[in-house]
Amino acid sequence: MAATARIRRLASCYLSPALSRTAPRHSRGLRGMCTLSTTLGSGADEDEIERIRREFEDAKRNYLSIPAAMKDMPKMNPQGIYVNKNVKLDDLQVYGFDYDYTLSHYSDHLQCLIYDLAKKHLVDELKYPESCLQYEYDCSFPVRGLYYDKLKGCLLKLDFFGSIEPDGCFFGRRKLSLAEIKELYGTRHIGRDQVRQLVGLMDVFCFSEACLIADIVQHFVDAKLEFDAPYIYEDVNKAIQHVHRSGLVHRKVLAEPQKFLIKNNKVFRFLKTLREKGKKLFLLTNSPFYFVDGGMSYLLEDQHFDGNSWRELFDVVIAQANKPIFYNSDHPFRVYDTEKDTLAFTAVDKFLPSEVYYHGCLKSFLQITKWRGPEVIYFGDHLLSDLRGPSKAGWRTAAVISELEDEIGIQNSDSYRFQQAKLSIIHDLLGKVHATVVSTEKGQVYSALLDELNAERHQCRSGMRNLFNSSFGATFLTDTGKESSFAYHIHQYADIYTSKLENFLSHAPESWLHPPHDIKIMPHNAKGEPCGMV
């Protein structure tokens, strides 16, 4: 966000009729382009629309100078740790971790596997047409943070305020036009209250579900079969849940771990470093223990432990926790017998490193451990199931979002930053046009300029969007430049976020992480800087 603000200030300085011919080369383009408003503002008798048009033409001539002026602009760190709320690492004594897509990461083969198993269940058990088997998982279609409208059958990408993105509404695999969106919903802005009625697809496991829902809807549309959208969602969700709860996907992954699991020795280094610093560690996952044990044993098979297992890294191991219910329920903990695959009947009043625990609840967890909320940080990938509960309970929270690294890389690219600077120029000009009152006889000239600027804006947005996902664009931003609804949830429930755990290795345990001082939510609190100071 800080880099975006700097680019916007840079772009605003490009509205200049000419560069100073006497200024040194390195000063041209930023400070030398800050005089346009003063220069043109002196001609009070000139037609305002004509002045804005000249600014537009000047800006287009100066587009080619943007890359040179931007080369010294700082870039965001793809492996950085980004902070919403102050976190003093020295105050953290307890580190908790989810398993899937936090400690462990998977290849795209996993999404294909889940998709295929769920698709087969729809046909074999729920008697969907066999022709549904022709579809295959498309990794280029979904992004994280989409919503599914069970009643209308649409996949939606929303912005920070709950508005449907103009290019982010799909019925099946067909993108709806803005006119169709307004006909279906009445308005793009459906609001936070209605968003709560939608199904949030917030983690990576949801990719296969989103793709399968869209493909099944499209199949019924193409085959001209009558269907009720809520039934499609219920059946697909039931099939996805069956794949997980039956253990089908777990057994397939453990049978070929080298195909599905991605080894990363740096995760082990991070965990070991925490242990050496005297920190307490716990694992809290919804997955069954045999799956976690098989996965961790494979991921860390090249490491050497003092004991016989990866479990020595953790003070407490809790499986099948049933998050997010875990955070609000009164379910008791049960000791799990790893040899007999049974649960003990005795009460759990203390946690032993040699034991594995099932189920439980946050209330009992805090009573047993005596760990205070502010000294605990929990890492997870699912903003709602993993982090919303801990956030409300007073724990510190950290989101692990693997897409962050790739998307920051795209935003750092010259092609993206060039379009971003152009878009900022167009927005400034559009603001001036909209603020101009014209007489009736000038209406045609006004409309022509407005149409040109809007067309240029659309071209810039498309150029930026096409660098990301071909269907829904960026995960964290909408095409209009606003933060997405997914970004809203990050802001709400993640004190810090990063692309992977090992990014913390570059920070000393005594580090104090704090948000950039110039990042504001309310527009009137925006930090201003003179045009030349970037």
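1. Where is Lys224 found? Lys224 is found in the loop between α8 (206-222) and α9 (229-245), helices (H or I, at least four residues) and strands (E, at least two) being DSSP runs that are numbered from the N terminus. The phi of Lys224 is near 55°, a positive value in a residue other than glycine, and with a relative accessible area of 75% Lys224 is exposed; here exposed means over 50% relative accessible area, buried means under 20%, and partly exposed lies in between (1.4 Å probe, protein chains only).

2. A word on the basis of this note: the model is predicted, so local features need pLDDT of at least 70 and side-chain atom pairs count only at pLDDT 80 or more, while totals for chains, interfaces and linings use all residues. Residues are numbered from 1 along each chain as its sequence is written, and side-chain values use heavy atoms, with hydrogens and water left out.

3. Most residues other than glycine have a negative phi, and most peptide bonds are trans. His359, which lies in strand β13 (residues 356-359), has a positive phi near 65° although the residue is not a glycine, and at 28% relative accessibility His359 counts as partly exposed. The peptide bond from Lys323 to Pro324 is cis, with omega near 5°, and Pro324 is found in the loop between β10 and β11.

4. Ten strands form an open sheet with mixed pairing, in the order β1-β16-β15-β14-β3-β9-β10-β13-β11-β12, where two strands pair if DSSP finds at least two bridges between them. At the edges stand β1 (82-83) and β12 (342-343), each with a single partner strand, so one side of each is left without a neighbour in the sheet. Within the sheet, strand β3 (residues 94-97) pairs with strand β14 (residues 376-380) in the parallel sense over four bridges, and the bridge partner of Gly96 in β14 is Tyr378.

5. Helix α14 (residues 362-369) has Leu362, Ser364, Phe365, Ile368 and Thr369 as buried residues. Seen down the axis of α14, these buried residues fall within an arc of 160°, so they line one face of the helix; the arc is that of the directions from the helix axis to the C-beta atoms. The buried residues of α14 pack against β9 (280-284), β10 (316-319), β11 (333-337) and α15 (383-393). The helix is followed by Lys370, whose phi is positive, near 65°.

6. Arg311, in the loop between α13 (289-299) and β10, deserves a careful look. Arg311 is buried yet has no salt bridge, and the nearest side chain of opposite charge, Asp293, is 6.0 Å away; Lys and Arg count as positive and Asp and Glu as negative, whereas His and the chain ends are not counted. A salt bridge is a side-chain nitrogen of Lys or Arg within 4 Å of a carboxyl oxygen of Asp or Glu. Leaving aside neighbours within four places in sequence, Arg311 is in contact (heavy atoms within 4.5 Å) with Phe289, Thr338, Pro353, Ser354, Glu355 and Val356.

7. The structure holds 24 salt bridges. In one of them the side chains of Asp58 and Arg61 meet at 2.3 Å, N to O, and both residues lie in helix α3 (residues 48-62), three residues apart, about one turn of the helix. An α-helix has 3.6 residues a turn, so residues three or four places apart point the same way. Asp58 counts as buried at 8% relative accessibility, whereas Arg61 counts as exposed at 57%.

8. Other salt bridges join separate loops. Arg173 forms one with Asp138, the closest N and O atoms being 2.6 Å apart, and this pair links distant parts of the chain, 35 residues apart, with Arg173 in the loop between β6 (164-171) and β7 (174-175) and Asp138 in the loop between α5 (109-124) and β4 (146-149). Glu301 forms a salt bridge with Lys263, with the closest N and O atoms 2.5 Å apart. Glu301 lies in the loop between α13 and β10 and Lys263 in the loop between α11 (257-260) and α12 (265-276), so the pair ties together parts that are 38 residues apart in sequence.

9. As a last point, Arg53, Glu57, Lys60 and Glu452 are linked in a network of salt bridges.
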